[in-house]
Amino acid sequence: MFEKIELAPADPILGLNEAFRADPREDKINLGVGVYKDEAGQTPILTCVKHAEARVLETETTKGYLGIDGHPAYREQVLGLLFGAEHDVVQAQRARAAQAPGGTGALRIAADFIASNLSGKRVWISNPSWANHRGIFESAGLEVKEYRYYDAANNTLDFDGLMADLDSMGSDDVVILHGCCHNPTGVDPSLSQWQQMASSAKAKGWLPLFDFAYQGFAKDVESDAAGLRHFAGELNELMVASSFSKNFGLYNERIGALTLVAADADAAERGMSQVKRVIRTNYSNPPSHGAQVVATILADAELKALWLDELAQMCQRIHRMRTAFVKGLADAGVEGDFGFIEQQNGMFSFSGLNKDQVEQLKQEFGIYIVGSGRINVAGMTESNLPALIKAIAAVS
Ligand code: LMR
């Protein structure tokens, strides 16, 4: 039966990781997958996580199954972080979260929920978007289309194009919005632009699904949620797929959430009952550890303060690397104004390097970058920056 199966192409992001690991060159540099590295080039376990894990190990008494939607304490903390505990949607119990295996798991739950419960079967993603978005929604049998987002000529948001596309949508459309730190461009709407986008959703009836994987990496956890919180204040319904892979460094614990906001508590309850059906038929119920760690940290004032401080330090290091990268390119005489890289948010920089340059960087210099030209700035360090800049100068 298997003899006719064709070899699948490598994943554009995780496939790069495999190629990187197999590369014997000692000076290779991985700027592919969106994983934070510290100054020593390591992906550290946060101190707040280590403390919380010790506490969890000491106090947990069972490995019994969790509920289909995960730890109650975790779900409550997720809502607080997304909307603020005092937000109307939380107070009125219009928002319900389900624990999910990472942001990707949350997106796939959303996709299956849309496919089996909503009349609309069309999902819009930004052009460009995270390389896995299309596959996730198409795998659930949904049609995937692209709305305008990035103005490549000016390295900015194509806000007119974006609004024109949003305004052409209707109540059968679902629109994926990147809550902050747009992946792959790092270009986010301003608050007033978010407000205009929310007005479009209200007027045209399209349903927003926020992909919120980088909360805290643009400015801070509160400011980064401003767009989402505005939408939640204006609209009856929305969804959020969120992740703690990056902001807690819990990549391999696969910890995220799918959140529904509905018009009232009853509709939220019914919606969540269908989300739970999706989960039950996919993987039954989630693993526990990551949720316990996150819930422990967020419920403890001291651990939460430590987390916010560690998150701010990651964010500041990325900003420093952006500045050093731009300066390095200018000093090396690489043609063009790369100042826009300093304005981008989050881990990624949409560098403008083309496919051939990306390939040459890999073959000749052992530098791994996603084919779209997306660079993970969080993979740069003081020590690998000179070699990186030299290589980019050589291919430019
Ligand atoms: C990325 O975009 O690099 C990350 O979100 C990791 C992934 O799963 O692709």
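A residue counts as buried if 20 or more other C-beta atoms lie within 10 Å of its own, as exposed if 12 or fewer do, and as partly exposed in between, with C-beta atoms placed from the backbone. By that rule strand 9 is mostly covered, with 6 of its 6 residues buried. Its partner is strand 8 (residues 207-212), which pairs with strand 9 in the parallel sense over 4 bridges; two strands pair if DSSP finds at least two bridges between them. Across this pairing, Asp211 stands opposite Ala241.

A word on what you are looking at. This is a predicted model, in which local features need pLDDT of at least 70 and side-chain atom pairs count only at pLDDT 80 or more, while totals for chains, interfaces and linings use all residues. Residues are numbered from 1 along each chain as its sequence is written.

Now step back to the whole chain. It has 15 helices and 13 strands, where helices (H or I, at least four residues) and strands (E, at least two) are DSSP runs numbered from the N terminus. The radius of gyration is 21 Å, close to the 21 Å that the globule rule gives for 396 residues, so the chain is as compact as a globular protein of that length. This radius is taken over C-alpha atoms, and the rule is 2.2 Å times the number of residues to the power 0.38. Along its principal axes the C-alpha trace spans about 60 × 55 × 55 Å. Buried residues make up 46% of the 396 residues. Of the contacts with a separation of 6 or more, 74% join residues 24 or more positions apart; two residues are in contact if their C-beta atoms, placed from the backbone, lie within 7 Å.

The chain is divided into domain 1 (10-44 + 316-395) and domain 2 (65-299), with bounds that come from an automatic or database domain assignment. Their C-alpha centres lie 28 Å apart, and 18 residues of domain 1 are in contact with 17 residues of domain 2. On the domain 1 side, the largest share, 3 residues, comes from strand 11 (residues 348-350). That side has 10 nonpolar, 7 polar and 1 charged residues. Here Ala, Val, Leu, Ile, Met, Phe, Trp, Tyr, Cys and Pro count as nonpolar, Asp, Glu, Lys and Arg as charged, and the others, Gly among them, as polar.

Where does the ligand lie? Both domains give residues to the shell around the ligand, so it lies between them. The residues around it are Ile13, Val33, Gly34, Thr104, Trp130, Asn132 and Asn183, each with its C-beta atom, placed from the backbone, within 6 Å of the ligand. This shell divides into 3 nonpolar, 4 polar and no charged residues.

Pro184 is found in the loop between strand 7 (173-178) and helix 8 (191-204). Another cis bond runs from Asn127 to Pro128, with omega near 0 degrees. Most residues other than glycine have a negative phi, and most peptide bonds are trans. Arg254 is partly exposed, with 19 other C-beta atoms within 10 Å.
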